[in-house]
Amino acid sequence: PVSVGVGGSTLTLDMGNASEDPTTFTLSANIITRTQGTRAQVALTPSNIEITTLTFTRLTGSPAPITVSIQGRTSGSGTTSYTDTLTLSAIALPHE
């Protein structure tokens, strides 16, 4: 089964596949990153997107959903800078 650890700007998933266990999503130097098992950390957001806030919240319920809130802004020459917030909800289901 997948177990979920939620702690502010870090989400840790205990995966059924040993090479992906654990899988961690976090905010590092304004970039959302993913680390799977012992593999190197991978950037999930491009360099022209600056993530200012990444928050994972575990809600109540069965199964308990997780809300992901991402706030960031674009940057770079020739672009219009803007700030936006994205909120997603997801449920981690056990492996069959």
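The accessible surface of the chain comes to about 6,000 Å², and carbon and sulfur atoms account for 54% of that area. The model is a predicted one. Of the 96 residues in the chain, 23% are buried.

The secondary structure consists of eight strands and zero helices, so the order along the sequence reads β-β-β-β-β-β-β-β, with strands taken as DSSP runs of at least two residues. Among the contacts with a separation of 6 or more, 23% join residues 24 or more positions apart.

The largest nonpolar core is made of nine residues, namely L11, L13, I32, I51, L54, F56, I66, V68 and I70. At least two residues of this core come from each of β2 (10-14), β6 (49-58) and β7 (65-74). I51, one of the core residues, touches L27, N30, I32, T45, I70, Q71 and G72 when residues up to four places away in sequence are not counted. Two of these partners, I32 and I70, are also listed in the core.

T26 belongs to strand β3, which spans residues 23-28. Its relative accessible area is 15%; T26 therefore counts as buried, because the cut-off is under 20%.

One is the side chain of T10, with a polar contact at 3.1 Å.

How values were computed. Residues numbered from 1 in each chain as written. Predicted model: local features only at pLDDT ≥ 70, side-chain atom pairs only at ≥ 80, totals over all residues. Heavy atoms only, no water. Core = buried A, V, L, I, M, F, W, Y, C linked by side-chain atoms within 4.5 Å. Buried < 20%, exposed > 50% of the residue type's maximum accessible area, 1.4 Å probe, protein only. Helix = DSSP H or I, 4+ residues; strand = E, 2+ residues; numbered from the N terminus. Contact = heavy atoms within 4.5 Å. Areas by Shrake-Rupley, 256 points an atom, 1.4 Å probe, with all protein chains shown as cover. Polar contact = N/O pair within 3.5 Å; in protein donor to acceptor, adjacent residues only side chain to side chain.
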